[in-house]
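Below is a brief report on selected local features of one model. Please keep the sequence and the 3D view open while reading.

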Amino acid sequence: MSDSRRERLRHWLAQLRHYSEEVYAAPYRGAVARARRDEDDLFMLLVFSELMGVPNPAAYYTLELQPLLLERFHDWHRRMGMERSPLDHFRCC
Amino acid sequence: MSATILMLLGLGGMALGYFVYSAFIARRVYGLDPDFETPAHAYEDGVDYVPTNRFVLWGHHFTSVAGAAPIVGPAIAVIWGWLPAFLWVVIGTVFFAGMHDAGAIWASVRNRARSVGSLTGDVVGKRARSLFMIVIFLVLLMVNAVFAVVIAGLMMDFPSAVVPVWGAIAVALVIGQLIYRRMISLPVVSLLGVIALYALIAVGPAVPLPMPDQVGGVSGNALWVLILFGYAGIASLLPVWMLLQPRDYINGLQLFIGLIILYGAVVLANPAMVAPMFNQQVPEGTPSLIPLLFVTIACGAISGFHGLVASGTTSKQLNRETDARFVGYFGAVGEGALALAAILATAAGFASLADWRGMYQAFGENGVGAFVQGGAYLIQNGIGLPEATASTLLTVMTALFAGTTMDTGLRLQRYIFQEWGDIYRLEWMKKPLPATLLAVGSCLLLAFGAGGADGSGGMIIWPLFGTTNQLLAGLTLLVICVMLVRRRRPIRYALVPLCFLLAMTILALLTQLKGFYSEGNYFLLCLDIVVLIASIFVAFEAASALRRQRREMLESPEA
């Protein structure tokens, strides 16, 4: 098989893969994103549990994650039905 | 008459509809504008609003709208002869369904991709919106009950399909995991999935699993209905990526393969139409063709369900407004083609007229069985596949379509119950499990309430399901009409289908009302009355909304 033909075949396969993935994902993008958000919400609770008085055996490790997740903290507590930050010593809004 | 000629006439008619009529309505009626900024661009977020290639979008729209219903409806309607069913499918697809589906996408795209339900509230009025919610709930209730009865009947009649149908769920679960964990690329997974499914179909006839007629005091059929709802209840609680998404994908592939096999078999076998053109000797108890034909075939001619898909997900992903013609109208043509295949299988797939009459001994019974047997006969003669394998293939195809619809339908019904829990402050009802149990319970009540203790008579509600579905389509057409009046565009292309649908729906409900009353089936009588009241309200809403709009237009000629 010549190089140009191989290149064409590779391009064609990449296209096939792209379109089949689109067909697979397109109808459920929203539902999957919502499911992921629900899982992330639970994870947020785990990471910030110690600060809210819930003992967390993995606190030593999750402490390290707190600065990384801080950006999402405001959206998270609002989504959980708390207008203001639930943490006294730690106000975000 | 040769089935191939009928096939060419049908497909040719629908193609003509797409190339001529859809071009006309896209330009003159909807005024689709390639420069209009669609919601997919205006609110692009990578999740719900994503501009999508029109072929991809068509694939997903078509596979979402085409399922078991365009097979079941025509298969039942052939009892009046093949010509009425054929004409309604072709004319319905060209002048009703295509117009309605493309219109639902257009209406939603022009209103920030909102669903038809919420559009009804804005465009027509609050009462119409409440009506819309009630009709959606009834449609879901009936579709779940009726499809459980269809699958249970298939499992009883074709035990060779039991292993592949349930095996397909295992295949879907594995595919879901493989894709979710990105272990193999999707084209390879698709190929493996299809091979696994067809291997199961080939194995099926060797390992039939017949359900005994009686199991511990419960009939086999009723037990299947219970098992199916148990499955659907669990499936609807699972995350979508785990089962629903891969199942839908496999079904989409199945749909294309099934259509190619069926049409290929018709061309290669070129059978004659065995069923009569007009059946003069319909079995006793068969209702009159007008109006029942127009509600027996809903999906495949026009169906309100499409409006929900069109305005729910499709409109959020439309790249250019002009794509609405291809995605919506051609999606309807695809479904019409599936309905046509069902007509060809049920009218030409028998060796003699006596065989055909043996199958169609009572209205509403054996329709799906006729599709499986007739289709298998055609595939055997055309492609040479053994009849047992061919009938397993078609049973699996129908059962998988119906099963996925049940799974989605129960999920949507659960959301409705959860929403009610929220509105009426019932904390327990807001939780997924109790809401699912309520959804399953209401469907079981309908399946057994309508069909007796063994659940086998549940197909009586098929025409009632059709009427409710048409009512939903009527509400969408009403939204389209009001929008067209506001834009000073010609409305007769939407108004004529709307009036026709409402008239046929109300007539069909009255005919069935009489039937249920004389049979003493008071459960369905009550349901019929509820749908009838809803239809009359829709008719009043339509008349008053259109009159109001016209008056407003006359008062402000410059607007």
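This is a predicted model: local features need pLDDT of at least 70, side-chain atom pairs count only at pLDDT 80 or more; totals for chains, interfaces and linings use all residues.

## B:Leu138

B:Leu138 sits in helix H7 of chain B, which spans residues 126–157. B:Leu138 has 22 C-beta neighbours inside 10 Å, so it counts as buried. The cut-off for buried is 20 or more.

Beyond its neighbours within four places in sequence, B:Leu138 is in contact with B:Thr468 and B:Val531. B:Leu527 lies 389 residues away along the chain. The C-alpha atoms of B:Leu138 and B:Leu527 are 9.1 Å apart.

## H17(B) and H18(B)

Helix H17 (residues 387–423) and helix H18 (residues 432–451) of chain B have axes that come within 8 Å. These axes cross at roughly 115°. The crossing of H17(B) and H18(B) is right-handed.

H17(B) contributes B:Leu410, B:Gln413, B:Arg414, B:Phe417, B:Gln418 and B:Gly421 to the contact. H18(B) contributes B:Pro432, B:Ala435, B:Thr436, B:Leu438, B:Ala439 and B:Val440. By class, the contact has seven nonpolar, four polar and one charged residues.

## H11(B) and H14(B)

The axes of helix H11 (residues 244–269) and helix H14 (residues 323–348) of chain B come within 10 Å. They cross at roughly 45°, and H11(B) and H14(B) are therefore oblique to each other. Their crossing is left-handed.

On H11(B), the contact is made by B:Leu259, B:Leu262, B:Tyr263 and B:Val266. On H14(B), it is made by B:Ala337, B:Leu338, B:Ala341, B:Leu344 and B:Ala345. By class, the contact of H11(B) with H14(B) has nine nonpolar residues, no polar and no charged ones.

Conventions: Residues are numbered from 1 along each chain as its sequence is written. Chains are lettered from A and ligands numbered from 1 in the order in which they are written. Helices (H or I, at least four residues) and strands (E, at least two) are DSSP runs, numbered from the N terminus. A residue is buried if 20 or more other C-beta atoms lie within 10 Å of its own, exposed if 12 or fewer, and partly exposed in between; C-beta atoms are placed from the backbone. Two residues are in contact if their C-beta atoms, placed from the backbone, lie within 7 Å. Axes are lines fitted to C-alpha atoms, for helices over the stretch in contact, and angles run from 0 to 180 degrees between N-to-C directions. A crossing is left-handed if the near helix is turned anticlockwise from the far one by less than a right angle, and right-handed if clockwise. Ala, Val, Leu, Ile, Met, Phe, Trp, Tyr, Cys and Pro count as nonpolar, Asp, Glu, Lys and Arg as charged, and the others, Gly among them, as polar. Angles under 35 degrees count as roughly parallel, over 145 as roughly antiparallel, 65 to 115 as roughly perpendicular and the rest as oblique.
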